[in-house]
Structure formats: structure tokens, C-alpha cells
Amino acid sequence: MSAAHESGRAQQNRARARDLEQVAERATDPQERQRLMDQARRLKEQSEHAGGTRMPDVDPTVSSRR
């Protein structure tokens, strides 16, 4: 699979995860809400592994040089 294809899939997974989170916020059934949030979390994890685009763990505005 090409890097461009993997990146595209990662973007699709992130977009789908955002959609699922929005649907989950409107869900009235707690079990359905949890199922949707779990599915969104899995898609985010897949996109992080496939696309390699994670949010940094550190604040990029803070310099480590002193």
C-alpha cells in the first residue's frame, strides 16, 4: 500500500471518528453513546498507526533549550 493511500485512509478514519463523536453526543441511549465513542476511539487509533500523525505529547511553544 502506498504512503499516499495510507495517509488518505488515516484522514478518512479521523473524519469518520469525528462524525461518530458528534452522533454519540446526540445519542440518548447511554449504551449506544458508549458504543459510538468506542468505535470513534478505535478509528482514531487506527489513523494514528496508519498515518503516523499523532498530536505531539509536548507543547511545541515551549523550548527545551535553556
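Me: Which residue forms a salt bridge with E45?
Reply: This is a predicted model, in which local features need pLDDT of at least 70 and side-chain atom pairs count only at pLDDT 80 or more, while totals for chains, interfaces and linings use all residues. Residues are numbered from 1 along each chain as its sequence is written, and side-chain values use heavy atoms, with hydrogens and water left out. In the salt bridge (a side-chain nitrogen of Lys or Arg within 4 Å of a carboxyl oxygen of Asp or Glu) that E45 forms, the closest N and O atoms are 3.3 Å apart, and the partner is R41.

Me: What separates E45 and R41 along helix α2?
Reply: Helices are DSSP runs (H or I, at least four residues), numbered from the N terminus. E45 and R41 are four residues apart in helix α2, so the separation between them is about one helical turn.

Me: Are E45 and R41 buried, partly exposed or exposed?
Reply: Buried means under 20% relative accessible area and exposed over 50%, with partly exposed in between (1.4 Å probe, protein chains only). E45 has a relative accessible area of 35%, and R41 has 41%. E45 is therefore partly exposed, and R41 is likewise partly exposed.

Me: Which helices do E21 and K44 lie in?
Reply: The side chains of E21 and K44 meet in a salt bridge, at 2.5 Å from N to O. E21 is buried at 19% relative accessible area, whereas K44 is partly exposed at 33%. The pair ties together parts that are 23 residues apart in sequence, because E21 lies in helix α1 (residues 3-26) and K44 in helix α2 (residues 30-51).

Me: How many salt bridges are there?
Reply: Side chains of opposite charge can pair when their charged atoms come close. In this model, the number of salt bridges comes to three.

Me: Which residues make up the largest nonpolar core?
Reply: A nonpolar core is a set of buried Ala, Val, Leu, Ile, Met, Phe, Trp, Tyr and Cys residues joined through side-chain atoms within 4.5 Å. The largest one here has seven residues in all: A17, L20, A24, A27, L36, A40 and L43.

How values were computed. Helix = DSSP H or I, 4+ residues; strand = E, 2+ residues; numbered from the N terminus.
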